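Take a look at the fold below.

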Amino acid sequence: MSGKVLVVGDVMTDVIVMPEGPIVKGSDRRATVRSRPGGSGANQAVWLGAMSADVVFAARVGASDKAMYENYFRGLGVVPVLGGDKEQPSGVLVTIVDPDGERSFLTDRGANLNLSADDLPSEILDDIGLVMVSGYSFFAPGPRAAVQALFAQAKARGIAVAVDPASVGFLVEVGPAQFLEWTAGADFIFSNESEAEALTGITGHVEQTAALGKLFGTVLIKRGGLGAVLGGRDGVRVSQPASEVSVVDSTGAGDAFAAGFISAHLAGEDESTALARGIAAGAKAVQSIGGQPD
């Protein structure tokens, strides 16, 4: 199997707001405000590049930003395949971070909503060993049709496919049953416990793993400070704890986890080692502001 990864997903500018206390409606609150490159797919691609993986990233951005983003990704070891949108600007995500590291999001996906089959030509799969698609690409009709067609082509060519549900809020909005129908049969699903509960209607990571394992080849459930598990229809095969770290910002932790696991998996590591690499990457991500490595 080729070690090259194709990541498909959003490009966003993350505006990260860290208030010093509760927001005062109609008045001021001191806060740290930072702007960082982001987007779930972009985060995964950049983390993979930082791990020296061979990675291609396909997405759509505002036409005026295309050259800038291409240079940005190339500088981080990522091969960009970006469509330039003349109608919509590049996406923006405002993240409000509570003192405990928990996040709330305000999302304007912009050009990401216009991702189309033209942005994902069949030759993009040449020499690819695994396709990773952010769940955000399934939450709008145009991008969903494009990535579903890509998945079908990948399967026909024997290329592994992986999906990350990405957002509990959007999962509930489109309907968990619909999301499962669109993605069932993927070789890997990367989910956190909240997403797994939304998708299965079940609490408890052991039961969630078994339920999702009926639809996906390998199930990975991220448990935050409790680590992560990996398994399938027969339940959990591997469970790994997380290291205790000081959480500054949990933005992109799941993307880093996916990149750590995928890079180790494609390098031939066993499931236990790959899971540990994913957890270590997620732990590193939460110790700095933003969804991409410093």
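A residue is called buried when its relative accessible area is under 20%, exposed when over 50%, and partly exposed in between (1.4 Å probe, protein chains only). Helices (H or I, at least four residues) and strands (E, at least two) are DSSP runs, numbered from the N terminus. This is a predicted model, in which local features need pLDDT of at least 70, side-chain atom pairs count only at pLDDT 80 or more, and totals for chains, interfaces and linings use all residues. Residues are numbered from 1 along each chain as its sequence is written, and side-chain values use heavy atoms, with hydrogens and water left out.

Start with helix α1, residues 40-50. Of its 11 residues, 10 are buried, so the rest of the structure largely encloses α1. The buried ones are S40, G41, A42, N43, Q44, A45, V46, W47, L48 and G49. Just after α1 comes S52, which takes a positive phi of about 65°.

Now move to helix α8, residues 253-266.

How do α1 and α8 meet? Their axes come within 8 Å and cross at roughly 45°. That makes α1 oblique to α8. Axes here are lines fitted to C-alpha atoms, for helices over the stretch in contact, and angles run from 0 to 180 degrees between N-to-C directions. Angles under 35 degrees count as roughly parallel, over 145 as roughly antiparallel, 65 to 115 as roughly perpendicular and the rest as oblique. The crossing of α1 and α8 is right-handed. A crossing is right-handed if the near helix is turned clockwise from the far one by less than a right angle, and left-handed if anticlockwise.

Which residues of α1 and α8 meet? From α1 come S40, N43, Q44, W47 and L48, and from α8 come D255, A256, A259, I262 and S263. Contact means heavy atoms within 4.5 Å. The residues of this contact between α1 and α8 are five nonpolar, four polar and one charged. Ala, Val, Leu, Ile, Met, Phe, Trp, Tyr, Cys and Pro count as nonpolar, Asp, Glu, Lys and Arg as charged, and the others, Gly among them, as polar.

Helix α8 has another partner, helix α9, residues 271-285. The axes of α8 and α9 come within 7 Å and cross at roughly 150°. That makes α8 roughly antiparallel to α9. This crossing of α8 and α9 is right-handed. On the α8 side, the contact includes A253, F257, G260 and A264, and on the α9 side it includes L275, G278, I279 and G282. The residues of the contact of α8 with α9 are 10 nonpolar, four polar and two charged.

Next, compare another pair. Helix α6 (residues 193-200) and helix α7 (residues 205-213) pack at an angle of about 55°, with axes 10 Å apart. The pair α6 and α7 is therefore oblique. Their crossing is left-handed. E193, A196, E197, L199 and T200 of α6 touch H205, Q208, A211 and L212 of α7. The residues of this contact between α6 and α7 are four nonpolar, three polar and two charged.

S288 sits in the segment after α9. Is S288 buried or exposed? Its relative accessible area is 15%, so S288 is buried. Not counting residues up to four places away in sequence, S288 touches V248, D249 and D294.

G225 lies in the loop between β11 (218-222) and β12 (228-232). At 67% relative accessibility, G225 is exposed. G225 and G282 are 57 residues apart in sequence, and their C-alpha atoms are 9.9 Å apart in space.

T107 belongs to strand β7, residues 103-108. With 37% relative accessibility, T107 is partly exposed. Leaving out residues up to four places away in sequence, T107 touches M12, V92 and L93.
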